[in-house]
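Here are some notes from going through the model, jotted down as numbered points. Have the viewer open while you read.

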Amino acid sequence: MKNILVTGASGAIGGAAARALAQSGASLYLHYHSSKEAAEQLACELRENYANQNFICVHADLSDVGGPDQLIEQLHNQVTGVVYACGNSEISLFQDTNAETIKKTIQLQLTSPFRLLQQLIQPMIHEKKGKILLVSSIWGLEGAATEVLYSMVKGGQNAFVKALAKEAAPSGITVNAVAPGAVDTPMMDLFSAEDIQLVKNEIPMGRMAAPEEVASLINFLMSSSADYISGQVISINGAWHC
């Protein structure tokens, strides 16, 4: 049975990914930081629907240097796949971004996945199989004004995926990323209704993605049907940027 760690499982995309993966038969570690109630509600929901699988909540602050080790200590079964779906966005002018925000964002989006996967990839290498997926962003490909820091770390994730995929391929491990455009999640609450409508007007499909649409792509890339897909950053953005 697949045993997958989903970080950020209490969030909209992470939660939708967890539901899709559970439906496909996976047992899950459901990571959360501050949203304990949401993670526990998700675990209860999945246990009710999939009684033969295991769903365990794990807690760690991955924006902190000790977060990866704290998370690893709670994983008592071998992990066969990882979906790194942690995320936050900071809207500010480049010159106004403060040092603490820079530090925490780099830790959460770059250093923590690097350190976490350094440990979790070891048994995958031994078993000659494994699935790693990062939830990146359209701004890691295109860049965004007032989201320079976010664009930078997501671009770093994309380069990380391409490099690690080449190194891990001989061990039968796939490494990919999905790069969503605008998704209808609480992260969009940072913007006014007028700004959101302007974004929708720019998107050829005229709407934002649903978290479940992103989750469907994640589920496919984590399945055996995608065993020959690796090193890819796959956009899902309604033809916004092609």
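1. β5 (residues 130–135) runs parallel to β6 (residues 173–180), and 6 bridges link the two. If you want a landmark in the viewer, pick Ile132, which sits opposite Val175 in β6. Keep in mind that this is a predicted model.

2. Now zoom out to the whole sheet. This is an open sheet of 7 strands, paired in parallel, and the order reads β3-β2-β1-β4-β5-β6-β7. At the edges are β3 (55–59) and β7 (233–236), each with pairing on one side only. From one strand to the next, the twist averages 20 degrees.

3. Which strands does α1 lie across? Helix α1 (residues 12–23) covers β1 (3–7), β2 (27–32), β3, β4 (81–84) and β5. Its direction is at about 170 degrees to β2, and with over 145 degrees counting as roughly antiparallel, the helix therefore runs roughly antiparallel to that strand. Helix α4 (residues 99–127) also packs on the sheet, where it touches β1, β4, β5 and β6. The angle between the directions of α4 and β4 is about 170 degrees.

4. α4 has a helix partner too. It packs with helix α6 (residues 148–168) at an angle of about 15 degrees, the axes being 9 Å apart. Angles under 35 degrees count as roughly parallel, so α4 and α6 are roughly parallel to each other. As for handedness, α4 passes α6 in a right-handed crossing.

5. What makes up that contact? On the α4 side the residues are Thr101, Ile102, Thr105, Ile106, Gln109, Leu110, Phe114, Leu117 and Ile121. On the α6 side they are Leu149, Tyr150, Met152, Val153, Lys154, Gly156, Gln157, Phe160, Leu164 and Ala168. Sorted by class, the contact of α4 with α6 comes to 13 nonpolar, 5 polar and 1 charged residues.

6. Back to α1, which packs with helix α2 (residues 36–49) at about 15 degrees, with 11 Å between the axes. That angle makes α1 roughly parallel to α2, and the crossing is right-handed. From α1 the contact uses Gly15, Ala18, Arg19 and Ala22; from α2 it uses Leu42, Glu45 and Leu46.

7. How do α1 and helix α8 (residues 211–221) cross? Their axes come within 8 Å, at an angle of roughly 50 degrees, so the two helices are oblique to each other. This crossing is right-handed. α1 contributes Ala12, Ile13, Ala16, Ala17, Ala20 and Leu21, while α8 brings Pro211, Glu212, Val214, Ala215, Ile218 and Asn219. By class, the α1 contact with α8 holds 10 nonpolar, 1 polar and 1 charged residues.

8. Last, the overall picture. The protein has 8 helices and 7 strands. Its radius of gyration is 17 Å, close to the 18 Å from the globule rule for 242 residues, so the protein is as compact as a globular protein of that length. Along the principal axes, the C-alpha atoms fill a box of roughly 45 × 35 × 35 Å.

Note on methods
Residues are numbered from 1 along each chain as its sequence is written. This is a predicted model: local features need pLDDT of at least 70, side-chain atom pairs count only at pLDDT 80 or more; totals for chains, interfaces and linings use all residues. Side-chain values use heavy atoms; hydrogens and water are left out. Two strands pair if DSSP finds at least two bridges between them. Helices (H or I, at least four residues) and strands (E, at least two) are DSSP runs, numbered from the N terminus. Axes are lines fitted to C-alpha atoms, for helices over the stretch in contact, and angles run from 0 to 180 degrees between N-to-C directions. Contact means heavy atoms within 4.5 Å. Angles under 35 degrees count as roughly parallel, over 145 as roughly antiparallel, 65 to 115 as roughly perpendicular and the rest as oblique. A crossing is left-handed if the near helix is turned anticlockwise from the far one by less than a right angle, and right-handed if clockwise. Ala, Val, Leu, Ile, Met, Phe, Trp, Tyr, Cys and Pro count as nonpolar, Asp, Glu, Lys and Arg as charged, and the others, Gly among them, as polar. The radius of gyration is taken over C-alpha atoms; the globule rule is 2.2 Å times the number of residues to the power 0.38.
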